[in-house]
Amino acid sequence: MKLLALENPLIPSQYELNIEIDPLNTTFKGIITIALHKNKNINIKEFNKFKLHGKNLSITSATFANNNDLKVTSLIDQQQFLFESNDLLSLNDNEIYNLKIEYQGNINQIKTPNDKTQGLFISNFMSNDKNTANNYILATHCQPSFARLIFPCIDEPSIKTNFILSIKSLKRFNTVSVSKIDKIDESSSIDSMKTTHFEKTELLPTSLFGFVIGDLEEIHLDLPNMSKDSNALPITIYSPLKVTQATYTLDIIQKYLPLLSNFFNFKFPSNKLDFVLLPFLNDMVMENFSMITVQMDFLLFTPQSLANPNVRNQTIQLVVHELVHQWIGNYISFNSWEFLAFNESFATFLAYYLISKNDPDNNIWSTENYLQNELATAMIQDSDLPTSKSIHDRYNQRSHNNSGDDITTNDLFDPISYQKGISMLRTLQLSIGEDLFQKAMAELFEDTVTFHNVPIKSMDIFHKLGQILKSENVTNFVSSWTRLPGLPIVSVTTTIDETSKSLKSTLTQHRFYSSENIDPDFDQQTVEDIPYHITLLTQLPGKLSDTKNTLMTDRSLKLDYPVTLLNSNSQGYYRVSYESQECYDEICKELTLGNIDDISLFKIFQDISFYLGNKFFQKSIHISGTIQILNHIASSPKDITLKSLNLWKSLSEGLSLLQTIVQAAVVHNRRAIITKITKLVSKLSEKVDDWSIETISQLHDHHELSTFSKIIALTSTTKPTQDLCQELFKHIRQGPNDSIPIELVSSIYMTISYQMTNIKDWKKLFELVKTSSGIASHIIDFNSTSENEKIITLQNLAITNLGFVTTEELITKLLNFIDTNIAATGIENAFIGVNYNSQAIINKKDNTKVRDAVWKWFKLHYSGWKRNLTKGTGSDGRGEEKLEKIAFMVLQMFVESSKLIEKYENFEDIKPVWETLQHEDRSNCTIISGFSK
Ligand SMILES: [Zn+2]
């Protein structure tokens with residue numbers, strides 16, 4: 001759709017809007033006077049028609065330049081009105097033309113959270129204190145293009161105007177808008193009505209305009225010297241009820257608003273600030289200029305809920321994010337919805353930065369939530385080659401897909417671009433230096449002609465920063481992160497220079513992608529692979545930061561010194577691949593010196609987890625390097641224990657890598673690999689200070705428990721672990737209460753199941769499949785919300801581990817059990833253990849393996865299950881799903897024996913599963929080949 005800002009002969013510079021609202025009516029009355037001037041984008045001298053946006057408005061009269069009545073036609077599909085004059089009108093530069101329109105608009109009735117809070121909307125609510133039902137709150141929401149539901153306008157972000165608003169409504173109502181109240185006129189002919197006149201606003205796009213009227217409570221605070229006119233800044237929070245529960249928001253504003261004003265070296269860009277809480281708001285929060293509207297329960301807290309640090313942190317992040325918008329996003333605003341994701345990224349980035357800097361207990365940059373839930377998730381999505389797109393193209397695709405009528409902010413907002421943007425800003429800041437970055441940002445506010453009077457592109461900010469810092473790198477940096485698709489990978493090789501005998505490193509960057517959705521014969525040459533500007537965050541030997549080469553701008557970079565690691569503290573949006581023996585030697589050396597922290601080591605392992613099984617990126621050194629690092633830790637002097645190292649997050653991730661390798665080795669029966677890993681982890685288990693029940697029952701750190709659980713699982717075939725698990729299993733069954741953390745239960749069951757040789761033992765575990773209620777109190781579980789949920793979790797764990805048995809008698813029992821209970825939920829999980837031990841010999845006389853017994857059994861029962869599970873009235877697709885899962889796990893035991901499987905009489909039935917299995921096994925094959933080299 002063509003933009004009115006480009007094609008219309010007239011452009012507004014001011015809206016003077018008078019609105020009359022009776023909450024008992026479903027419509028409101030409006031009179032608007034729009035000051036228009038010639039559009040500089042087009043070169044004409046005369047015109048007889050022009051357009052304005054408007055939706056669900058009925059215009060009763062339109063008068064141009066005081067005397068010319070215009071013909072008005074509603075163009076409903078385009079959400080526009082066409083205004084036509086009988087005569088040609090002359091159009092002069094610098095002349096202002098007033099257009100006066102009288103009209104009516106609709107008031108949207110909101111009764112449920114699903115009703116659309118767009119344009120002007122009303123909610124009716126029950127007041128607790130007064131116990132009266134006829135309380136009202138009328139509010140507006142204009143972003144991205146709902147101002148047109150309230151008044152005729154050009155509803156596009158590229159136009160900024162002043163607004164002069166007056167509202168006539170009930171005397172008892174509070175009235176709030178995007179500027180301060182100028183005066184209130186109560187001399188109405190109707191006694192119950194008053195007219196509130198607001199001051200002329202700052203220059204704003206229509207999307208940031210708004211007002212709220214209604215039965216509101218308020219709390220108030222004055223911040224000395226913070227207003228744009230250097231006076232005290234009045235801050236008010238309004239709520240339909242319980243407003244005193246919003247005092248925490250006032251505390252946050254009081255702390256962070258001055259910090260922001262300091263950061264930008266610019267006072268709050270308005271002379272007042274309001275937060276208005278609404279019963280319903282689809283977008284949850286909206287940063288209207290100096291009048292932030294928020295879904296009520298986001299900011300109302302009882303003292304009990306405020307005691308929860310997560311609640312406090314989320315609230316701080318929300319409030320500071322909205323405050324940042326007032327400077328960047330509102331005072332400096334963007335000329336297209338293309339920059340919406342950037343606007344959101346900036347607000348979050350700066351909020352995270354200020355909170356981390358000013359609250360020592362709350363370093364958001366190193367939290368699990370930021371690194372794992374936000375950053376890592378976006379990186380995973382961005383490494384899918386078929387779908388990954390640049391920030392720029394993501395917007396184009398989005399705006400193309402959402403060109404319909406009622407585009408919401410959500411339709412325009414792209415979560416990956418948002419995440420990538422936060423990391424881009426954070427790493428740009430780190431490469432420039434925090435102080436210089438701040439000084440340069442503050443200079444934007446000295447040039448109001450360029451940055452405030454007109455809306456900008458996000459790139460304008462970076463051009464300016466580049467000028468101030470005298471560096472072309474700033475714009476190149478940002479344009480690479482905006483224009484290029486995908487996720488970069490930097491590979492590091494460190495080698496000894498033969499002449500100088502010193503170590504040197506070479507860094508090379510490419511585009512990384514997962515091999516999952518790619519044809520194995522795919523030609524890598526076809527991938528567009530242009531270098532990003534990457535902030536390296538290099539850590540040198542001795543835990544020094546590299547200040548010489550902070551930025552990688554080209555395909556490769558040669559350093560005449562060795563690096564310990566890149567992307568320290570995991571802040572960058574890229575993966576690192578260490579590709580020479582010397583790299584791992586260096587990492588081990590620095591680990592010994594205590595120079596590598598948990599987050600950085602975790603990141604090394606986490607990146608490797610994306611190379612394992614990836615045909616295009618896995619190198620055998622990733623596997624040998626992982627083993628080297630873990631072996632180095634396991635071989636450290638006796639007095640160094642895992643507890644003293646405190647690397648739980650990274651150890652847990654490193655052990656996950658070993659589990660992935662073991663899984664591949666199990667499927668392909670590579671015993672030597674499994675033995676090697678079992679030995680390594682056994683050595684590591686000796687570094688655990690204390691396996692006693694007293695210590696174990698006290699563990700609560702999630703990563704520590706996860707490390708313990710993986711150590712047990714990976715050494716389940718060894719005597720010490722088996723003895724330990726006998727002891728722990730006794731406590732699971734007999735107590736006392738709160739003996740065993742639930743995180744350990746699965747690996748204990750697994751080990752127990754593995755060593756069982758008779759029915760009597762097996763029954764102990766088997767009984768827990770049927771009911772675990774007797775043991776629930778012995779288990780510590782902070783995650784389950786109810787006792788019942790805990791019991792169900794425990795029963796599932798028992799089923800999942802029931803199948804690790806390796807005697808003929810028990811395998812037969814197990815298979816019978818599965819067959820008789822084939823319809824039971826989750827029964828297929830009993831196969832996990834069977835699958836794991838598929839190559840174990842259960843009958844020495846004829847060398848029968850577990851998988852031979854399973855195959856015989858599967859062939860015998862398959863047709864029967866198929867009849868029972870997939871036919872009949874109860875079939876909901878779950879039967880098919882279960883059958884596929886069982887077939888998958890059975891066939892996986894024969895992944896290398898195609899001949900056997902392909903001559904099975906029902907092969908056509910299981911063919912799709914077999915093909916999926918072959919496809920997924922590619923990654924196991926890659927891992928195995930990487931190990932043997
Ligand atoms: Zn926002």
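Here is a short tour of this predicted model, one selection at a time.

**Stop 1: the zinc ion**

Start by selecting the zinc ion, then show the side chains of His 321, His 325 and Glu 344, which coordinate the metal at 2.0 to 2.1 Å. On both histidines, look for the atom called NE2; on Glu 344, look for OE. If you read along the chain, these donors follow the spacing H-x3-H-x18-E.

Now colour helix 4, residues 309-327. Why are His 321 and His 325 separated by about one helical turn? They sit four residues apart in that helix, so about one turn lies between them.

**Stop 2: helix 15 and helix 18**

Next, select residues 598-611 (helix 15) and residues 648-667 (helix 18). Packed helices are described by the angle between their axes and the distance between those axes. For this pair, the angle is about 15 degrees and the axes are 8 Å apart. That angle makes helix 15 roughly parallel to helix 18, and their crossing is left-handed.

Show side chains to see who touches whom. From helix 15, the residues in the contact include Leu 601, Phe 602 and Phe 605. From helix 18, they include Trp 648, Glu 653 and Leu 657. Sorted by type, the residues of this contact come out as six nonpolar, four polar and three charged.

**Stop 3: helix 24 and helix 25**

Move along to residues 759-770 (helix 24) and residues 787-801 (helix 25). Here the axes come within 7 Å and cross at roughly 135 degrees. Helix 24 and helix 25 are therefore oblique to each other. The crossing of these two is left-handed.

Zoom in on the contact: Leu 765, Leu 768, Val 769 and Lys 770 of helix 24 meet Gln 795, Ala 798, Ile 799 and Asn 801 of helix 25. That group divides into five nonpolar, two polar and one charged.

**Stop 4: Asn 124**

Select Asn 124, which you'll find in strand 10, residues 119-125. Which residues does Asn 124 touch, leaving aside its neighbours within four places in sequence? Click on Ala 133, Asn 134, Asn 135 and Tyr 136 to see them. Asn 124 is partly exposed, with a relative accessible area of 46%.

**Stop 5**

Most peptide bonds are trans, and most residues other than glycine have a negative phi.

- Gln 143 and Pro 144 are joined by a cis peptide bond, with omega about -5 degrees. Look for Pro 144 in the loop between strand 11 and strand 12.
- Gly 735 and Pro 736 are also linked by a cis peptide bond, with omega about 5 degrees. Pro 736 belongs to the loop between helix 22 and strand 30.
- Met 284 isn't a glycine, but has a positive phi of about 70 degrees. Find Met 284 in the loop between strand 19 and strand 20; its relative accessible area is 36%, so Met 284 is partly exposed.
- Lys 543 has a positive phi near 60 degrees. This lysine sits in the loop between strand 25 and strand 26 and is partly exposed, at 43%.

Definitions and conventions:
Residues are numbered from 1 along each chain as its sequence is written. This is a predicted model: local features need pLDDT of at least 70, side-chain atom pairs count only at pLDDT 80 or more; totals for chains, interfaces and linings use all residues. Side-chain values use heavy atoms; hydrogens and water are left out. Donors are N, O and S atoms within 2.8 Å of the metal (3.2 Å for Na, K and Ca); water is not among the atoms, so sites may look incomplete. Axes are lines fitted to C-alpha atoms, for helices over the stretch in contact, and angles run from 0 to 180 degrees between N-to-C directions. Angles under 35 degrees count as roughly parallel, over 145 as roughly antiparallel, 65 to 115 as roughly perpendicular and the rest as oblique. A crossing is left-handed if the near helix is turned anticlockwise from the far one by less than a right angle, and right-handed if clockwise. Contact means heavy atoms within 4.5 Å. Ala, Val, Leu, Ile, Met, Phe, Trp, Tyr, Cys and Pro count as nonpolar, Asp, Glu, Lys and Arg as charged, and the others, Gly among them, as polar. Buried means under 20% relative accessible area, exposed over 50%, partly exposed in between (1.4 Å probe, protein chains only).
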